[in-house]
Amino acid sequence: MTSDTRSTSPVAVRAADDVPAQVGASVRLMAIGLWVVVGSLLAYGIFQTVVKASALFS
Amino acid sequence: MSVLDKSRTVAPHGYNRWLVPPAALAVHLSIGQVYAFSIFKNPLLDRFGTSHTSIAVIFSIAIVMLGLSAAFGGKWMERNGPRKAMALATVCWVSGFLVAALGVSLGQLWIVYLGYGVIGGIGLGIGYISPVSTLIKWFPDRPGLATGLAIMGFGGGALVASPLAARLLKAYGPIPSESIVPTMLTLAAVYAVLMTCGAVTIRIPAPGWKPQGWTPPARGANKTQSHANVRVGNAVRTPQFYLLWIVLFTNVTAGIGILEQASPMIQDFFPGVTELTAAGFVGLLSLANMGGRFVWSTTSDKLGRKRTYIMYLGVGAALYAGLAAVGASAVGLFVALTFVIVSFYGGGFATIPAYLKDLFGQLEVGAIHGRLLTAWSAAGIAGPLIVNGIADARGAQGVTGAALYLPSLVTMCAVLVVGFVANMLVRPVAERFHEPTAVPVPTDEPVLAAVPVGVGTTLKES
């Protein structure tokens, strides 16, 4: 699930390691927050549409 | 170095790939609003006092611009990375709303055409293709799931925007035509935040990255799948590109055949069905459209892309024939048949980037996808023309009820058979179009440039 297999080239490894850990952590946090937001929006849209579609069976 | 640069979006070591889909969804949920444009139709009619066609042109311009900008912007997007593309899409989509709001405020319809249609349409096209190739690179083992996740958001965008815009129109005043401007400004603000969050969080995998423990499957399990890469310039010279263009065109045209006429169709088939019930039917089809994008595209990872399109087009043609023959016999049967047809329509959109990846590799799959989306624009014009043209002609002859749609349904069945044949003709791309093993690397990317052989090899493998 996670991404751990990569090129063993020292240049590639150094480039990735240059990314500050703090930035990595904040991006992860923001991405998780975004999951919550888009998930909530999708749930809202689906719920509203299910309510609308229920008229078909009433 | 700009924060928008491709090199600034490379994921840190150990980055979880499941943190990437929300960035794609944020963009697609925003631009998917275009499918809910009809919510503005009546307020705009009241505001401008013009014809239905004049207002419908706004949507048509946006869809045409989507195809054109995706076709011409795909190569730029591949070169500059997803963040810059998402930022451009955000600027265009949000500016489109702002300019359109200005047009409504000034009472100038041409400014609305320019804003929502032209500028917003460019945002649509760039936004649509920008996260797709990134997700394919993160999920080389499950490209159907990846593209299904992103493109499901586009279908979901309408489900969110439709009730949201309706609430805003009501909240800003008793007369919807006077509430359009604040509603558009509010939506612009919401989409600006959401899409910016997507652009900030998007990450591309480091060169040479592949999922842990995954090795590219041997050819044979999926005969059309290749591990070679084909550049967009070569891809458009292959017959496979045009066969897939026909496949997408026919699948979209057939889906529009139902979606375009869903509400009047069920009422004509079954006179007892009320307008409210018909609205429920339209809602159900929206769910089929969105669900099909994720479910069928994910299924294609197991079934294989060619077989999946055999299902969309072959089973779809049979369902259309069934609808024409026995659809009028029971409401439940009619609803079930149309539900599956529309789910295939959504699935066709979501599976096509994975099909392109199988045939042309992932190197420039976003740019190739962009070129292929011109089929969507063409189908967006052809589909409604066929359905409305036939229905109008039948109506003029005094035909009513289910018989009104019979020729349309038979025509759509034939259209799907054409797509089915095109899909059956798809073969692996000839080796002369493949890129050499060591892929040439742009000089502005030091990491890639430092390890050209390794990068080329891994790209080919994944």
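1. Where pLDDT is low, the predicted coordinates should not be read in detail.

2. Chain B is divided into domain 1, residues 1-212, and domain 2, residues 216-429. Taken over C-alpha atoms, the centres of domain 1 of chain B and domain 2 of chain B are separated by 23 Å. Between them, 30 residues of domain 1 of chain B are in contact with 30 residues of domain 2 of chain B.

3. Which elements give two or more residues to the side of domain 1 of chain B that touches domain 2 of chain B? They are α3 (52-106), α4 (109-138) and α5 (143-171) of chain B, and α5(B) gives the most, with 12 residues. By class, the residues of this side of domain 1 of chain B divide into 17 nonpolar, 9 polar and 4 charged.

4. The axes of α4(B) and helix α13 of chain B, residues 365-372, come within 8 Å and cross at roughly 140°; α4(B) and α13(B) are therefore oblique to each other, and their crossing is right-handed. On the α4(B) side, B:Ile129, B:Val132, B:Ser133 and B:Ile136 meet B:Val365, B:Gly366, B:His369 and B:Gly370 of α13(B). The contact of α4(B) with α13(B) has 4 nonpolar and 4 polar residues, and no charged ones.

5. A further packing in chain B pairs helix α2, residues 41-48, with α3(B), at an angle of about 125° and with their axes 5 Å apart, which makes α2(B) oblique to α3(B). From α2(B) the contact draws on B:Lys41, B:Leu44, B:Leu45 and B:Arg47, and from α3(B) on B:His52, B:Ile55 and B:Val104. The residues of the contact of α2(B) with α3(B) divide into 4 nonpolar, 1 polar and 2 charged.

Methods:
Residues numbered from 1 in each chain as written. Chains lettered and ligands numbered in written order. Predicted model: local features only at pLDDT ≥ 70, side-chain atom pairs only at ≥ 80, totals over all residues. Domains from an automatic or database assignment. Contact = placed C-beta atoms within 7 Å. Helix = DSSP H or I, 4+ residues; strand = E, 2+ residues; numbered from the N terminus. Nonpolar A, V, L, I, M, F, W, Y, C, P; charged D, E, K, R; others polar. Axes fitted to C-alpha atoms, helices over the stretch in contact; angles between N-to-C directions. Parallel < 35°, antiparallel > 145°, perpendicular 65-115°, else oblique. Left-handed = near helix turned anticlockwise from the far one by under 90°.
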